[in-house]
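Dear colleague,

Please find the structure below, handed over for your work.

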Amino acid sequence: MKLYEHQARKLLSSYGIPVPAGEAAGTIQEVQAAARRLSGRVVVKAQVPTGGRGKAGGIKLAKDAEEAERVAKDILGMEIKGYRVNEVLVTRAVDIAREYYIGLLIEREFKGPMFITCREGGMDIEEVASKSPEKIRKWMVDPRYGILPFQSRSMADHLSSDPGIARQIARVLEGMYRLMIEEDTSLVEINPLIHTPAGEIWAIDAKITIDDNALYRHKELRALREKEDLTITEKMAREKDLSYVKLDGRVGCIVNGAGLAMATMDLIKHYGAEPANFLDIGGSSSPEKVVTALEIICSDNAVRCVLINIFGGITRCDDVAIGVREYLASRKIEVPIVIRLTGTNEKEGIEILRGLGLPATNSMSEAVEKAVECVS
Ligand code: GDP
Ligand code: MN
């Protein structure tokens, strides 16, 4: 479960990590009131469970409450990576002399906690990581001993050569480690941790993921789950009983059965592209499910090709084809569509599609290869 920034920063603070004063707000009036109480310069921050808000225009500095109100008007209601912004966080702005990156996660190969640090944190961390990977440092912690003082000190010294600042950073690292163990997190990320020109340390962004399997022993965190946000398309899918997960690639997939959906994603990667989503229309066949699936996939601007992959069993191929026909009766699909049908009523299905000028194959690898070509 991913926490919102305003929830994550409360946890950081309870583990002794300094965060600038702030308040969550859902309306322009609340933003203005919060900015008044905080007084002076503030930052208005979109609350969505995803990163890259700054680059998307979801983080804005304001010199006073009036300006905070103006920028909040732009931010509230905007969409960031598929999430609608219903809430913002208003924080006291701090002056930044330097931004650091610190992440703490469970590393799968080592099977233990690993810190990731970088002296050049902030919004361009992905670029630093890809252009100068040597600037990203990794530090394993042996969970039997926990974080030892010499470890937090050497990590901190690596981040800052100023002993006063390094001492404060070491305390942040120790707090993060305690938080990970006690709250069962799979990720604690502070990007950026900053120091001010006066030498004070502040965590000005916080990302925390709680291990879902441990939620049963965290009552307060579990209560937050009820409020968990879904993307607009995830909501559509949930209403129609489809399992849908949005991903970052360009091949939109409509598949029946979770196993086949996974295999389809693997094959897309094998041929050199990335899936735009996981979507399982389920076992029982109904043309409406195919219509909803197409609505969801086609509303995703990243999709450059739609791939339908059906292995007919209980799901009948002609039902799927009828769904495609129903969708196309009132709407257009702007991108190429590649269809693979095999199994129950395959012939009938292919016949219907042929009538629409949509050829279908019964070979999965052929279909996936063609879909990958369309997006390359
Ligand atoms: P993200 O883009 O979703 O990671 O959002 P962040 O909370 O990390 O904010 C993005 C960037 O906004 C930071 O890297 C800072 O450069 C800037 N920023 C955020 N808060 C402040 C602040 O209080 N003062 C200043 N000067 N810049 C800030
Ligand atoms: Mn950030």
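Domain bounds here come from an automatic or database domain assignment. On that basis, domain 1 (21-92) and domain 2 (98-225) both give residues to the shell around ligand 1, so ligand 1 lies between them.

Some conventions apply. This is a predicted model, in which local features need pLDDT of at least 70 and side-chain atom pairs count only at pLDDT 80 or more, while totals for chains, interfaces and linings use all residues. Residues are numbered from 1 along each chain as its sequence is written, chains are lettered from A and ligands numbered from 1 in the order in which they are written, and side-chain values use heavy atoms, with hydrogens and water left out.

Overall fold

The protein chain comes to 13 helices and 18 strands; helices (H or I, at least four residues) and strands (E, at least two) are DSSP runs, numbered from the N terminus. Its C-alpha trace spans about 75 × 50 × 40 Å along the principal axes. Of the 376 residues, 51% count as buried, where buried means under 20% relative accessible area, exposed over 50%, and partly exposed in between (1.4 Å probe, protein chains only).

Ligand 1

Ligand 1 is surrounded by 18 residues, the closest being Lys-45, Arg-53, Gly-54, Val-94 and Glu-99; a residue is counted if one of its heavy atoms lies within 4 Å of the molecule. The shell divides into nine nonpolar, five polar and four charged residues. In this division Ala, Val, Leu, Ile, Met, Phe, Trp, Tyr, Cys and Pro count as nonpolar, Asp, Glu, Lys and Arg as charged, and the others, Gly among them, as polar.

For Asp-205, the corresponding distance from a polar side-chain atom to an oxygen atom of ligand 1 is 3.1 Å. The protein covers 87% of the 570 Å² of accessible area that ligand 1 has on its own, by the Shrake-Rupley method with a 1.4 Å probe. Strands β2 (42-46), β3 (59-62) and β10 are the elements that give two or more residues to the shell.

Manganese site

Which residues coordinate the manganese ion (ligand 2)? Asn-191 (O) and Asp-205 (OD) do, at 2.2 Å. Donors are N, O and S atoms within 2.8 Å of the metal (3.2 Å for Na, K and Ca), and because water is not among the atoms, sites may look incomplete. Asn-191 lies in strand β10 (residues 185-195) and Asp-205 in the loop between β11 (201-203) and β12 (207-210), so the pair ties together parts that are 14 residues apart in sequence. Both Asn-191 and Asp-205 are buried.

Other local features

Ser-152 is placed in helix α5 (residues 149-159) and, at 0% relative accessibility, counts as buried. Its side chain makes a polar contact of 2.5 Å with the side chain of Glu-174; such a contact is a pair of N or O atoms within 3.5 Å, where within protein one must be able to donate a hydrogen and the other to accept it, and residues adjacent in sequence count only if both atoms are side-chain atoms.

Arg-217, in the loop between β12 and α7 (219-225), is joined to Asp-184 by a side-chain polar contact of 2.9 Å.

Helix α1 (residues 5-14) is mostly covered, with seven of its 10 residues buried. Just after α1, Gly-16 takes a positive phi of about 80°.

With kind regards
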